[in-house]
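Here is a short tour for anyone who likes to keep the model open while reading. Please have your viewer ready, and we will walk through a few places together.

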Amino acid sequence: MGAWHSKEGSPYPMGVSFVPDEDAYNFTLYSKNASHVELLLFLDESYEKPVVTVSFDPFVHKSQRVWHCRLKRPELGGARYYAFRVHHNDDALTGICRSDHEKLLLDPFARGVFFPPDFSRTAGCRPGSNLGKAPLGYIFSEQADFDWQGDQPCPHEYDLIIYEMHVRGFTRHPNAGISKDKQGTFAGITEKIPYLQELGITAVELMPVHQFDPHAGDYWGYMPLNFFSPHTGYTTSKTPPKAISEFKEMVRELHKAGIEVILDVVFNHTTEEGLTGPTYHLKGIDPSTYYLVQNDPADPYLNYSGTGNTLRTDHPAVQHMIMESLRYWVKEMHVDGFRFDLASVFTRRSDGTVGEAPIFSDIATDQDLAHVRLIAEPWDAQGLYQLGRSFPGSTWQQWNAGYRDDVRRFVRGDGGMVGALMQALYGSDNHFPDDLLHAFHPYQSINYITSHDGFTLYDLVAYNQKNNAANGHHNLDGMAENFSWNCGWEGDEHVPEEVLKLRAQQAKNLFLLLMLSNGTPMFVAGDEFLQTQGGNNNPYNQDNQTTWLDWSRLESRGEHFAFVKKAIAFRKQHPSLGRSRFWRDDIKWHGAGGAVDFAPSARQLAYFLSGKSQEDDDLYVMINAHWEGRNFELMEPGPWIRIADTSLPPPQDFQEESQEQVSLPYYAVAPRAVVVFIRKPG
């Protein structure tokens, strides 16, 4: 068999792989409907004429639906890059998806992507050849083993604090305080690790780092081109080898600091968009295999992602591609978990209806993924909403948009929200029930007030209306309802001092409630120093100072930063807050006095949380979202020590080592304030 594979190539593994014993490279491509496949090899700085072209003979270079060949090193002619051209049997495609056999096609399994100087998205969109203008796969020579220095995962439980971060935006601003060549890169994050440690972060959730089209106008990275290669734009030298090594160095150093690395992955669509989008790979390789399509040549691609196409994740070839990508990032790149964008797309069948999704069982039973953190955005872009028990990944964690909206509404002062806040604080058992049948855990709820998608924490208390005109869609893009409140003054021009004070207090209220909730807290980078995007709640195409973190605010908003640090430390010091199980009998709910008031006019809630079962302090929390102050009775015997009161000026607003005991049987809670007390075990 070895001799056969030496001559014909092997159908596995997918992509290009080096065969050391033969000093040869094996190339593969899956295409059910291809009638003819060519492999084109290119020299460096010679992208318009291949140095070698290999025409695959289907009677020699094809096994089932995989086309393959093997070339000895001398047969490559010194080539560093490769691509495919694919001819189709039009009858097999039934005319649904038009293909263009002149297009150069990127290997979906390429471990590195190279963009020639004349790369053009426009050339990918128009008919005819895009030779010299197409993305190419990178052929790696034998790479020396990366020195992981004994790297080990660093999983967290009750102390998990997730920090959602855009790689470029985190350090791209000139005032980021790092060398210019590292701004906006993986190396920039590595240099900022001491800052993350100071803040108390235990996991970074990186917005998409898969290679995306640099000409797509998508700063966020949610238009992926390839699922196996790091985005070269996030490296200091902008080359595929450097992208891999720099990413690995970042992961290794974050692990040394006790910080998990979670990747935001987009397996629901690609940058090829719909009919008018570019042909880079899957459209030209086998569109009806890789995408959901319908029998309409004028509009063949089903769109449940909001971006023109939807991956056909119920097809074995697509499932294999996704699984191999996950394994690669875990085994080779040492990441700790994944957050799946629009994860409900996995449940879409080939005709767009909703059904079972085999990929969930594939992931659950894969040994390489057994201990990986899995987080879902449990909806898609066409109304499928599966938050909680409806989501098929029963052990996955989920972004809890219900938590986000309920806490925002309560804090801004909406009536009738007391019950919703109770459930949010408790761990959202309305979505994640812990009954005998379901047995969910509260940590499966990813609690968040803010994320990349929507207002920042500061904009949430400074804008009633979105301000997205700069995005180029006449302010029609982005969420229309943000449950925000500007504290009486829209925007940031000539803001009265009392409004600024109230905004600072409301921001503290929102963040402190996040840290006091059972579940897994997450917030977006920059909230710790009140980063603003000027009211833009959808800056997906703003690669500028709208989205780059302004590190000068770390000083100008230093009081808020200090409060956030203390709130994070407090949560990590009290495992009673973030538990594996719901609080159950350890929680007692109160109103401002006596029983909880659920009337529409009520805007107060208090609770006592016993820490005895967790060998922790007891906590008493008072929450007043009303615009008038209120005396709250202490319904449990003391002595109670006040730790936090968001209405007080810094640093009195959070006193970690406070010894100030409450001497009265009540506490006067100021308007729109949250107060926290502790009681040491007796």
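A strand here is a DSSP run of E with at least two residues, and strands are numbered from the N terminus. In that sense Tyr163 belongs to strand S10, which covers residues 162–165. Do keep in mind that this is a predicted model.

**Two buried polar residues**

Is Tyr163 buried or exposed? Buried means under 20% relative accessible area, and Tyr163, with a value of 0%, is therefore buried. Its side chain makes a polar contact of 2.6 Å with the side chain of Glu528. Tyr163 also lies 6.1 Å from Ala203, C-alpha to C-alpha, although 40 residues separate the two in sequence.

Ser576 sits in the loop that runs between helix H17 (558–573) and strand S18 (587–590). Its relative accessibility is 0%, so Ser576 counts as buried too. What surrounds Ser576? Beyond its neighbours within four places in sequence, Ser576 is in contact with Trp583, Leu609, Ser610, Gly611, Gln614 and Asp616. The side chain of Ser576 also has a polar contact with that of Arg579, at 2.7 Å.

The two side-chain contacts can be set out like this:

| Side chain | Partner side chain | Polar contact |
|---|---|---|
| Tyr163 | Glu528 | 2.6 Å |
| Ser576 | Arg579 | 2.7 Å |

**Helix H7**

Next, have a look at helix H7, residues 240–256. Its 17 residues reach 25 Å from the first C-alpha to the last, close to the 24 Å expected at 1.5 Å a residue. Just after H7 comes Gly258, with a positive phi of about 75°.

The order is S18-S19-S20-S24-S22, and the pairing is antiparallel. S18 and S22 (641–645) are the edge strands, each pairing on one side only. On average, neighbouring strands of this sheet are turned by 15° against each other, direction ignored.

Within the sheet, S19 (residues 604–609) and S20 (residues 618–624) run antiparallel and are joined by 6 bridges. Phe608 stands opposite Tyr620 in S20.

Which helices meet these strands? Helix H13 (residues 418–426) lies across S18, S19 and S20, running at about 30° to S19. Helix H15 (residues 497–516) packs on the sheet as well, touching S19, S20, S22 and S24 (673–679), and its direction makes about 40° with that of S24.

Key
Residues are numbered from 1 along each chain as its sequence is written. This is a predicted model: local features need pLDDT of at least 70, side-chain atom pairs count only at pLDDT 80 or more; totals for chains, interfaces and linings use all residues. Side-chain values use heavy atoms; hydrogens and water are left out. Helices (H or I, at least four residues) and strands (E, at least two) are DSSP runs, numbered from the N terminus. Buried means under 20% relative accessible area, exposed over 50%, partly exposed in between (1.4 Å probe, protein chains only). A polar contact is a pair of N or O atoms within 3.5 Å; within protein, one must be able to donate a hydrogen and the other to accept it, and residues adjacent in sequence count only if both atoms are side-chain atoms. Contact means heavy atoms within 4.5 Å. The expected span of a helix is 1.5 Å times one less than its number of residues. Two strands pair if DSSP finds at least two bridges between them. Axes are lines fitted to C-alpha atoms, for helices over the stretch in contact, and angles run from 0 to 180 degrees between N-to-C directions.
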